Every structure is written in C-alpha cells, then in structure tokens.
Amino acid sequence: MSLLFSPLTLRSVTLPNRIAVSPMCQYSVTKEDGVPTDWHLVHLGSRAVGGAGLVMAEATAVEPRGRISPQDTGIWNDEQVEAWKPITRFIKEHGSVPAIQLAHAGRKAIGDWVPVAPTTEPFPGGNTPEKLENHTGIVKAFVDGALRAIEAGFEVLEVHAAHGYLLHEFYSPLTNEGSIEERIALPVEVTAAVRAAVGPEVPVIVRISGTDWVDDGWTADDSVVLAQALKAAGADLIDVSSGGNTAQAEIPIGPGYQVPLAEAVRRKADVPTGAVGLITEATQAEQILTDGSADLVLLARELLRDPYWPLHAAQQLGVEVRAPKQYARAF
C-alpha cells in the first residue's frame, strides 16, 4: 500500500492523500488590491483537478504592508474574502482540501511603502524598515486574516514563518537580538492566537526555515526548539523549508535537500512535518514517507510543470485513483 496515497487526518480535516501544493507566489493581482483573479482560480483549480490532496494558496498578506509585492494576494478585507470563495469552492468540488498561507513580508516587501522588521536594517537592495516596537497589531492582523480565510472557505491555515519574512526575521539571530526564547516569542504568539481564534477543529500548519545556511545563523537544532514551542501553541504540522534571510547563504541544493531538516524536527520535536524542496519523483516522495522523514510531501516547481503529477504518480506506484470524469478517458 502506498503511503503517498494514504489519507492524513489533521484535527477535523482528512486529506485524501499526502501530496500538497506548496504555496507559490503568482504575482498576478492585476489591480494591486490583494484581490485574487481568474488566474488564481485556474492555477489552484488545476492542481485540485490534478489530484493533490492539499491545495495551498500563495503567501497571502494579512495587511497591505505585509505583501511581498503589490501584485500579491491579500486576506485583509471583505472584497478579498468574496473573491476567494469561488476558488475554495472549486477546489473542494474536485476532492481536494483548500489551504492558505497567511503571510507578512516584513523587511522583504518591495512595494512603495515602509516595511516593518525587528530592526531598521534593510534586506540587501530593499527599503529601510521601521523597527516594530509593538507586536499587538501584527498578531491581530494574523488573527483577522485567519478568520477571514475560514469565511472564504479555506479549511487549513498555514502561518508563514520562513524565507526571511517577518516572523523568520524575529527568530533568526541574523536579524534579531536576545535569547532564543525571546526571539521565537512572536511566531509562537501568532500561532497561539490563530489557534485560539479558529477553534479546535481547524488545522494550523506553520512553515519555518529549518536553517539559515550560514555561520551564526538559525540552525536545525534551533528549529527543534521552535517546533516544540509551536506544537505547544497549537500547531498541528511543521512545514520545514529553509533559507531566505540572507543573501550570503550557500545552499547545497539538490533532490530532497531539505528533507533531513523535516526529519530532524519530526523525530526530535515529536511533531508531524511536511517536507519540501526539489521533490520530483513519485518513488522519491513515497520513500520520504516510508522512511519516516515526514508526514506530508509538498511540491512546488514540479506541480508548475505538471498539474497532474499526482495522477501520474499514482500510475507509477500502481495505485488506482479516480481522475475527474471529464479526463477519465486519459487515465
């Protein structure tokens, strides 16, 4: 029996398989108002038709200054909620679970606004940020975004705390000072607040950067400490990526290069994890699960190349899955 095509239950939600669409920025909001468009419907809908168990929308800003770019989606007002509804409805109609990544870009925002960060040091080539002295507004923005996301029809929420964006900036020693307990306080507070707001039934995932890939930066051992705190705050799964907080990182990119980070967090923090990063083959994804390295496999670029990768993977693994009736003759 294939683990890749076995269900995964997180609280009240059961994914039909363990293949997830990793959140990927599309930079396709045409009016720069955070409102998703037909592009987002087709992009995300195609991956549901293709058989992914979890279809996650891109990094979606919880406030306007939290966008990575002016073309990013948002979840800070009612117009955005209404625009997301047909997208989540379509995903569910085709047997997948709709998820959204709640995000704040911090100092890596590239719009014509003043970004915020733990310090006033800019990301190389970026705008000088304002030091964020009071965290209350950020926590509230994540909570409000989470509640709007539920209203929009999303069934799984992911807090984005990776890739050098705001929450990662707070816990990495490259961009913040203090003890590890002090530095992880904001991402843990955000996670706990989101959990309290959405109640006990909604799965909450947190994406972290497992390492900064530089000396004196965030480490895999640090990630275990963070994962334990996030689990205690109500996180159901830790989605382990890496890097993004410095332009000087030397990343050993190769097939499955981040899987050991997910495995370390899973084993040492005793929490379910998601593995992501150059996962391209069905047998590779299956092995990650059978080895106990992760509980969920997230694909990004491979699903851009092939929206129907899950259906093709099932064929390769000898698993019988049902393609949409409109496409059944091809499978």
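1. Buried here means under 20% relative accessible area, and partly exposed means between that value and 50%. The model is predicted.

2. Helix H3 covers residues 136-152, a run of 17 residues. From the first C-alpha to the last, H3 reaches 24 Å, close to the 24 Å expected at 1.5 Å a residue.

3. By the cut-off above, the buried residues of H3 are Ile138, Val139, Ala141, Phe142, Val143, Gly145, Ala146, Ala149 and Ala152. An α-helix has 3.6 residues a turn, so positions three or four places apart point the same way.

4. After H3 comes Gly153, with a positive phi near 105°.

5. Two residues that are not glycines also call for a check of their backbone. Most residues other than glycine have a negative phi. Arg11, however, has a positive phi of about 55°. Arg11 sits in the loop between strand E1 (8-10) and strand E2 (13-15), and is partly exposed, with a relative accessible area of 36%.

6. Glu32 likewise is not a glycine and has a positive phi of about 55°. The loop that holds Glu32 runs between strand E3 (19-21) and helix H1 (38-49). With a relative accessible area of 43%, Glu32 is partly exposed.

Note on methods. Residues numbered from 1 in each chain as written. Predicted model: local features only at pLDDT ≥ 70, side-chain atom pairs only at ≥ 80, totals over all residues. Heavy atoms only, no water. Helix = DSSP H or I, 4+ residues; strand = E, 2+ residues; numbered from the N terminus. Buried < 20%, exposed > 50% of the residue type's maximum accessible area, 1.4 Å probe, protein only. Expected span 1.5 Å × (residues − 1).
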